[in-house]
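The following note sets out points for a colleague who has the sequence and the model at hand. It moves from a single residue to the whole chain.

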Amino acid sequence: MKKLFIFLFAGFLLLAAAVLFNTFRMESKQLQVNALAAPEIAPQALRHFQQALGYKTISNSDPSLFDSAQFRSFRKFLETAYPNFHTKLMREIVADYSLLYKWEGKNPHLKPVILMAHQDVVPIEEATKSMWTVDPFAGEVKEGFIWGRGTADDKINLISMVEAAEKLLSENFQPERTIYFSFGHDEEIGGKGAIAAATLLKSRNIEAEFVLDEGGIITLTKMPGITKPLALLGTSEKGYLSLELTVEEVGGHSSMPAEETSIDILSKALVNLRSRPFPSDLTGSTLEGTQYLGPEMPFVQKMAFANQWLFKGIIISKYEKSPQSAAMVRTTMVPTIIVAGVKDNVVPTVAKATVNFRLLPGDLSAVVIEEVKRKIGDERVKVENRMGFISEATPVTSAESEGYKIVDESIKRSYPQTMTAPFLMIGATDSRFFREISPNIIKFSPMIDPIGFHGIDERVSLESYKTALWFYEQLIRSTK
Ligand SMILES: [Zn+2]
């Protein structure tokens, strides 16, 4: 008995020693770069942003609502506001409204860089129109914020890039590397513009060092355990799939219902699906994120992140606690549309449900579809991808890549005391179409805790705009 106790105690000590050893060995991955103080926003730079917000470059899901005049006048506005950008760069119009600019670098042997943003914004939902405290297209500035549809998504990026380039051009600056600017016009509804731009670059055999598009932000508050500003660099993006489940059974009069109706069968299928979620795992960008965050966290969290061989289960269960973080560790699924029946006294023949999936990198759609059929386990439920549209999750960009380092360094230089970490993007961006142009795609928007993304009172702080202008200036200067 005593022997067993000594044996167990020794085992425990060994384990504790290993855990502590790993914890203390976990070193910070943060680049040590000092920030340069950002200049105040020039009056014309602020005016340009406000003007840009006035163009209703809206992407509606109903194509008949597309207002081409808005996109044409937005293009004209860019030409007028940024004369150097339009005389010294070569511009091509792609897919009628998307814009592709080329800024020739000094050194043709270096691979180019592609900076992306999109011109379009999401519509204002009719029901929410009266809930806005400002006119969403007036570009109002108040309480330290710039307000309006498209401020955060994504005109801050587009305008800041062009504004920074215009300033550098006026100083006769020329980058070492060639820089492309790709501004899609329909990111919110599929990204045909980005597809066309990527196809064009591909046809010219262009391989980019890296691609930077909208994505993660700088957050002061959103990461528990982190007290410094945290910049999240998207290094991969989840995939997108919608499946339609259909059940067809003999319907009839509701006074003499059969034991099981199409609605019953479909309901069971949905319950079965939802009660059997896809397994969670710590992989790819999320795993890499823990290696960047761990060393900066309080002791207990650091210990957990440093000893994933032991604490992985606990870490994953923490992620699973909120819908936002659960989406980082698993393929999610949720029914979004359900259709059956037309009359209160008729049992419908057909019942249909649409289930939307967001695929974790590594979970291929074909495998997910097979899993869904298995989870439902009922041959009477037909499972089809009727929309025909599937977007697989992207590969993971290495945080060791040159592109990641350049972006990382530019962030640290433009916003003081910021730490950075890779992360998995849940939403889709235009950059997913550029994977054949570069393996290094980074999704990051240099703004600090924007408010009202796709919603009411969308706004970014003046500090965000100042930071974005400064970030793109640092980035363009450093692309050597
Ligand atoms: Zn966007």
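1. Helices (H or I, at least four residues) and strands (E, at least two) are here DSSP runs, numbered from the N terminus. Residues are numbered from 1 along each chain as its sequence is written. The model is predicted: local features need pLDDT of at least 70 and side-chain atom pairs count only at pLDDT 80 or more, while totals for chains, interfaces and linings use all residues.

2. A residue is termed buried if 20 or more other C-beta atoms lie within 10 Å of its own, exposed if 12 or fewer, and partly exposed in between, with C-beta atoms placed from the backbone. I218 counts as buried because it has 27 C-beta neighbours inside 10 Å.

3. Two residues are in contact if their C-beta atoms, placed from the backbone, lie within 7 Å. When neighbours within four places in sequence are left aside, the contacts of I218 are P229, L230, A231, Y415, T418, P446, M447 and I448.

4. Strand pairing requires that DSSP find at least two bridges between the strands. Strands β7 and β8 are paired antiparallel through two bridges, and I218 faces A231 of β8. Strand β8 (residues 230-237) is largely enclosed by the rest of the structure, because eight of its eight residues are buried.

5. On to the next partner of β8: this strand runs parallel to strand β16 (residues 419-425), to which seven bridges join it. Here A231 is placed opposite T420.

6. The domain bounds, which come from an automatic or database domain assignment, are 43-225 + 393-478 for domain 1 and 239-391 for domain 2. Taken over C-alpha atoms, the two domain centres are 32 Å apart. Domain 1 supplies 14 residues to the contact and domain 2 supplies 21.

7. The protein as a whole contains 14 helices and 18 strands. Its radius of gyration (taken over C-alpha atoms) is 25 Å, close to the 23 Å given by the globule rule for 480 residues, so the protein is as compact as a globular protein of that length. That rule is 2.2 Å times the number of residues to the power 0.38.

8. Of the 480 residues in the protein, 42% are buried. Among contacts with a separation of 6 or more, 80% are between residues 24 or more positions apart.
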